[in-house]
Every structure is written in C-alpha cells, then in structure tokens.
Amino acid sequence: MTTSEKIYHIYVKDRCILHSIREEDFHATWSTLNNLVGLMKTDYSSDDLSYEELYLNREVARNSSH
C-alpha cells in the first residue's frame with residue numbers, strides 16, 4: 001500500500017534553511033520564523049520567507065535501492 005506524507009522545505013530568499021518538516025510541525029515553525037524575522041534586526045523581511053510543499057511516497061522510499 002502506498003501512503004503519502006506531506007513535508008515542507010522553508011527558504012529565506014533562495015536558500016533552504018529548514019527541510020523535510022512534517023506537516024504537524026510546519027505551522028508552528030512557519031509562524032515562529034515569521035515572528036522572528038519581524039522582531040530581529042536583519043537584512044531579511046517576512047517577504048523573503050517562502051516554503052515548498054511536497055508529498056513523500058512511503059512505498060517508494062521503502063523500496064528504494066539508494
């Protein structure tokens with residue numbers, strides 16, 4: 001049986017800073033990062049943050065020869 005799991009990668013500008021975040025952890029992580037960028041004095045703004053939503057196929061991962 002094939003099961004899919006949703007994961008996320010979070011980017012600042014074009015650089016991936018967090019990868020393979022599980023869906024149940026994503027929303028808290030995303031909110032925290034947006035708040036930190038707003039509070040800290042950096043060269044980044046919340047507009048520089050983005051994320052990518054991916055689906056991981058568990059059957060393919062288990063049967064992979066990698």
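Lys6, Glu23 and Glu53 are linked in a network of salt bridges (a side-chain nitrogen of Lys or Arg within 4 Å of a carboxyl oxygen of Asp or Glu). This is a predicted model: local features need pLDDT of at least 70, side-chain atom pairs count only at pLDDT 80 or more, and totals for chains, interfaces and linings use all residues. Residues are numbered from 1 along each chain as its sequence is written, and side-chain values use heavy atoms, with hydrogens and water left out.

Start with lysine 6. Its side chain meets that of glutamate 23 at 3.4 Å, N to O. Lysine 6 lies in strand E1 and glutamate 23 in helix H1, so the bridge ties together parts 17 residues apart in sequence. Helices (H or I, at least four residues) and strands (E, at least two) are DSSP runs, numbered from the N terminus. Lysine 6 also forms a salt bridge with glutamate 53, the closest N and O atoms being 3.9 Å apart. That partner sits in strand E3 (residues 49-57), 47 residues away.

How exposed are these residues? Lysine 6 counts as buried, at 19% relative accessibility. Glutamate 53 is partly exposed at 37%. Buried means under 20% relative accessible area, exposed over 50%, partly exposed in between (1.4 Å probe, protein chains only).

Now turn to the nonpolar core (buried Ala, Val, Leu, Ile, Met, Phe, Trp, Tyr and Cys residues joined through side-chain atoms within 4.5 Å). The largest has eight residues: Tyr8, Ile10, Val12, Ile21, Phe26, Leu33, Val37 and Leu49.
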